[in-house]
Amino acid sequence: MKLDRALLLHLGLLAALLAFHFAAPAYHHTNIARIMVLAIYAMGYNIAFGYTGLLSLGHALFFGAGLYAAGLLAYHAEGTAGTGLIAGLAAGGLVAFALGLFALRTAGVAFMIVTLMFAQAGYLTVLYFGSYTRGDEGIVIPRAGRMLGSLDLSDDNTRYLVAFALFAAALLVNLWLARSPRGRIMVAMRENEERSRMLGYNPFTVKLAALTISGLYSGLSGAAYALMFGYAGASLASVQYSILPLLYVLLGGAGTVIGPFLGALLMFYLIDYASSVTDAHQFVTGAALVLLILFAPKGILGTLRERGLRWLP
Amino acid sequence: MDFGPFLLLALMEGLVTAAVLALTASGLSLVFGIMRVVNVAHGAFFMLGAVLAWFVSQWVPGPPALSFAVALVLCPLIVGAIAAAADTAVLKRLNYEPEATIVATIGLLYILEQAALSFFGPDARPVPAPLNFRIQLPWFGYSGYKLAVVAAAALVLLAVWLILRHTRAGLIMRATQIDRDTARAFGINVDRVYAGVFAMGAGLAAIAAVLIVPIQQAHYLMGGDPLLLSFIVVIIGGLGSLRGTLVAALVIGLSDGVISTFFAPTLAKIVATLAVALILVLRPQGLFGKRAA
């Protein structure tokens, strides 16, 4: 990868986040760790929605698959964080691949409803097997299950650095993907599926691959979330968690590499701030969705890219 | 109780579910059929109807029957007005672009739920039933009100059908559904038709909610299940087909009553959701819908 301004921008962001580790007040330190994990999820969502044009309303299924793969392993089978992360990654990717085989036969509105339905079925399944998952109450992951080798993920500093490492890897892979020929083909599917088909690309396989990569990201994020914050509950697999990454990506800018992180960061602090002023933080989420889709459907970075920063990947 | 009467009870419960579901889902189906808008906020309109019915029951003095009658008229009007306002302020400006409208109605759902939480509170609250008599069958007594709900729902649906088929407004709606550009060329104000249809769809959900609230209690999160079930019904019945919606509501309502009585309700919902997702994948136009041109 050539060292140009796009790469420099992303390395700069990573350097800033690393520097933040040493300078941050404890409260924001924990917040940023959480935001980085959620940003991995949003990046995965962006690969499907922003780049490939697959508007899914069921990504909580992939996030939940990762969350429960790691959570249940640690809780019932004395798994550790290492196996948990790998299991989460695999679970997210597998579920996304299997769902894609069915759901990608539909497009547009039908795709949105099918993904929503499957995710709802997944959520209800978590509740149905309440004797293993403890349903809404959720499982608290024992400390032994949160050890990554000799690293203790319940420790604040370790947690931040591990979250940072995962985030950095996810961001760089995303950047590489966005600039690779495969990334271009994904964008071609979003822009004009019929024309890409005419050029000899198979839309189904390209979309299935994109959805699977998206699932890998979501599963990894879910597993990391469970292990770092020690909790896996059904609410984390509910429809709210399908909407969150959509909101982050819309705010930051769909089809940009940094957009999901930026969206997660701003939305997290916006809701955090709103909760300190009023109880009505759901109102903020709703209003943000409506205002974004009305006035800035391309999000912050998408708008910037239109206004001159054409090199933003 | 023997199996026979038990099954009868399950079927009667299912019939009540089916009646309310048919009302709610026909609203969703109407909006999709005419406007091509998938309204995720439909469950929130349902909830709003129930919550408003509780407020009316607090404010209107006198016997429960009086306040219930007031609620039955007032709530759909208020909810319809809110829906029409949302349509004009948001959906119209998005040009009814399908994906954008779904995101916008998700936003609307959050806003309405928050409004209910802020003004109504997190508790479930009962609304008294307007009539209180039991019908004594040989094996068990059954609430007369529940049977009244079924009758009322049937009447409202009949009215909707008559409006659509035999009035000028219905003719205009159907014309807009078939070809909105030609309708506009004939001087139909499509914007007003859309606002009206969106209001009518929300109003139907509100009527369903007012009818069910004496049985179920009002709660700010009660819109989730009706939304999910309406989606299921509308998809099985064929998106936009009103007759299909009615048949599907009967099938889903009755089977929901039976499965929930004899097995676990959660299992019933899992099976229904998966079935629907597969129907959409294999037969995207639904069972009754016409193949899209």
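**Entry 1: chain B as a whole**

I began with the radius of gyration of chain B, which is taken over C-alpha atoms, with a globule rule of 2.2 Å times the number of residues to the power 0.38. For 293 residues a compact globule would come out near 19 Å, and chain B has 19 Å, which agrees. I noted that this is a predicted model, where local features need pLDDT of at least 70, side-chain atom pairs count only at pLDDT 80 or more, and totals for chains, interfaces and linings use all residues. Residues are numbered from 1 along each chain as its sequence is written, while chains are lettered from A and ligands numbered from 1 in the order in which they are written.

Along its principal axes, the C-alpha trace of chain B spans about 60 × 50 × 35 Å. I then looked up the helices (DSSP runs of H or I, at least four residues) and strands (runs of E, at least two), both numbered from the N terminus. Chain B has eleven helices and two strands. Read from the N terminus, the order is α-α-α-α-β-β-α-α-α-α-α-α-α.

How much of chain B is buried? A residue is buried if 20 or more other C-beta atoms lie within 10 Å of its own, exposed if 12 or fewer, and partly exposed in between, with C-beta atoms placed from the backbone. By that count, 46% of the 293 residues are buried. I also checked contacts (two residues whose C-beta atoms, placed from the backbone, lie within 7 Å). Among those in chain B between residues at least 6 apart in sequence, 78% join residues at least 24 apart.

**Entry 2: chain A beside it**

Chain A holds 14 helices and four strands. Its radius of gyration is 19 Å, close to the 20 Å that the globule rule gives for 313 residues, so chain A is as compact as a globular protein of that length. Its C-alpha atoms fill a box of roughly 55 × 45 × 40 Å along the principal axes. I found 52% of its 313 residues counted as buried.

**Entry 3: where the chains touch**

The contact takes 32 residues from chain B and 31 residues from chain A. On the chain B side, the elements giving two or more residues are H4 (98-120), H9 (224-237) and H11 (265-282). H4(B) gives the most, with 14 residues. I sorted the chain B side into 23 nonpolar, five polar and four charged residues. Here Ala, Val, Leu, Ile, Met, Phe, Trp, Tyr, Cys and Pro count as nonpolar, Asp, Glu, Lys and Arg as charged, and the others, Gly among them, as polar.

An expected span is 1.5 Å times one less than the number of residues. The 23 residues of H4(B) reach 32 Å from first C-alpha to last, close to the expected 33 Å. Just after H4(B), Gly121(B) takes a positive phi of about 95 degrees.

I followed Ala53(B): leaving out residues up to four places away in sequence, Ala53(B) touches Ala71(B), Cys75(B), Val127(B), Ala209(B), Val210(B), Val213(B) and Ala218(B).

Most residues other than glycine have a negative phi. Arg36(B) is not a glycine, yet has a positive phi of about 60 degrees. Arg36(B) sits in the loop between H1 and H2 (42-59) of chain B. Gln217(B), also not a glycine, has a positive phi of about 75 degrees, and is found in the loop between H8 and H9 of chain B.
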